Amino acid sequence: MNHAQRIAELPPYLFAEIDKKIEAKRAAGVDVISLGIGEPKNKAPIQAILTSAAKLSGGDVKYTPTDGSPSLKKAIIRYTEEHYDKLVGPENVIVSTGAKQSIYNLLLSLVDPQDEVIILAPYWVSYPEMVKLVSGVPVIVTPEDGTFHPRLPEIEAALSSYTKAIIVNSPNNPSGVVFSDSFIAELVELCERRGIYLIMDDIYHQLVFDGARAAPAYRFTKADLESSKVLVVNGVSKLYGMTGFRLGWVVGPRKLVEVMTNLQGQITSNPSAISQAAAEGALTGGQGVVESLRLTIQNNRDVMVRELQGLTDLRTVCPQGTFYCLPDFRAYNKKSLELADFLLKKALVVTVPGSEFGAEGHLRLSFAGTVKDVKQGVERIKWALDPSAPSEIYIGDRRMVRDWL
Ligand code: PLP
């Protein structure tokens, strides 16, 4: 397929479409609960607000170096040392407009037409589309044992002479699973032995529960930074609740960073100087904000898992990180798109069909919202699907009677 045709056939971005549906319902006065959102409710950290406001009120808002302002890069270098125990230099860091652009920069820089990129199911919706956009071939590897934890032999079996990279996201969107240390260690070894880039999308890495820890891939590499195949993507969207600032970064070998900088220089140049100032504030300010967000989200997770237990035929893997879980709804409906539409129509609750993440029969439920949303959202699902739930429910002051079970 030629390039323009591929772009013309790009499906609408799923979450923009979901947001549109929510807006339309709310505008019509309908009390919709969203378990679809992928962003926490907290306000941006005060330090981020202060540094970006200072930048703005100074009026000196100009281009920065394409790969990011030296002071933000310094903060990222410190972050990398603290969280990854890895010493890197400014030439190993490139800052972009969100982790999304970081991943896209990486794929554009690494993938030749027909190169294959391994994506582990269930996966973040954008990975396959991004790979296709750079004329690569997404190769989806799904754990055969029905779990959400990838297994090395299945990945090895999917490798070919065209494999250029593997994308790993742990804690995982959409399953909430944290991949084991031994798996990450084996994967690093495999990638470095076979010369395959390992793109670690660590955007949720501090959002882990019950003492779990997302293993930093750098811990297992024997190669020095310049020859290592490990590339780490990170950002402030999820950990600091700063999705709207659009700020992410990549840590990797200097040659690749240089290539990506040249590329970015022709596309967006530097990310907004105001967002860079905000990210610097977030990274250098008190880190209690991340811990407080983590605790709030962990509590929401507990509430969601407890509420879901009320659905008799549901199977749920308890999330160890992120703000999503991916229950198996096949006992209720094997077609997740149909089920998500049904739940929106009948129960006024937004869920995301698992088919979008390579997990048909499942729904992704977000617990990033309020406890009230989590509780009421699941209660509505229970009412709509479970014959043992009371047949009446109040949505606002509207009494709804179930007449389909
Ligand atoms: N990677 C994963 C796994 C995500 O879930 C998201 C956002 O939902 C991103 C990357 C993009 O993050 P950003 O907002 O920094 O572009």
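Is helix 5 mostly covered or mostly exposed, and how many of its 13 residues are buried? The structure examined is a predicted model, in which local features require pLDDT of at least 70 and side-chain atom pairs count only at pLDDT 80 or more, whereas totals for chains, interfaces and linings use all residues. Residues are numbered from 1 along each chain as its sequence is written.

Helix 5 is mostly covered, with 10 of its 13 residues buried (buried: 20 or more other C-beta atoms within 10 Å of the residue's own, with C-beta atoms placed from the backbone). Among these buried residues are Gly-98, Ala-99, Gln-101, Ile-103, Tyr-104 and Leu-107. Helices (H or I, at least four residues) and strands (E, at least two) are DSSP runs numbered from the N terminus. The buried residues of helix 5 pack against strand 2, strand 6, strand 7 and strand 8, as well as helix 6 (126–133) and helix 9 (254–267), contact being defined by C-beta atoms, placed from the backbone, within 7 Å. The end C-alpha atoms of helix 5 are 19 Å apart, which agrees with the 18 Å that its 13 residues should span at 1.5 Å a residue; the expected span is 1.5 Å times one less than the number of residues.

Seven strands form an open sheet of mixed pairing, in the order 2-8-7-6-5-3-4; two strands pair if DSSP finds at least two bridges between them. Strand 2 (93–96) and strand 4 (137–141) are the edge strands, each pairing on one side only. Direction ignored, neighbouring strands of this sheet are turned by 20° against each other on average. Strand 5 (residues 163–169) pairs with strand 6 (residues 197–201) in the parallel sense over five bridges, and Ile-167 has Ile-199 of strand 6 as its bridge partner. Helix 5 (residues 98–110) packs on the sheet, its direction making about 40° with that of strand 8 (248–251). Helix 8 (residues 181–194) lies across strand 5, strand 6 and strand 7 and runs at about 145° to strand 6. Axes are lines fitted to C-alpha atoms, for helices over the stretch in contact, and angles run from 0 to 180 degrees between N-to-C directions.

The protein chain is assigned domain 1 (3–43 + 288–401) and domain 2 (47–284), with bounds from an automatic or database domain assignment. Their C-alpha centres lie 27 Å apart. The contact takes 27 residues from domain 1 and 30 residues from domain 2. On the side of domain 1 that touches domain 2, helix 11 (288–308) and strand 9 (324–325) each supply at least two residues, and the largest share, seven residues, comes from helix 11.

Terms used: Contact = placed C-beta atoms within 7 Å. Buried ≥ 20, exposed ≤ 12 C-beta atoms within 10 Å, placed from the backbone.
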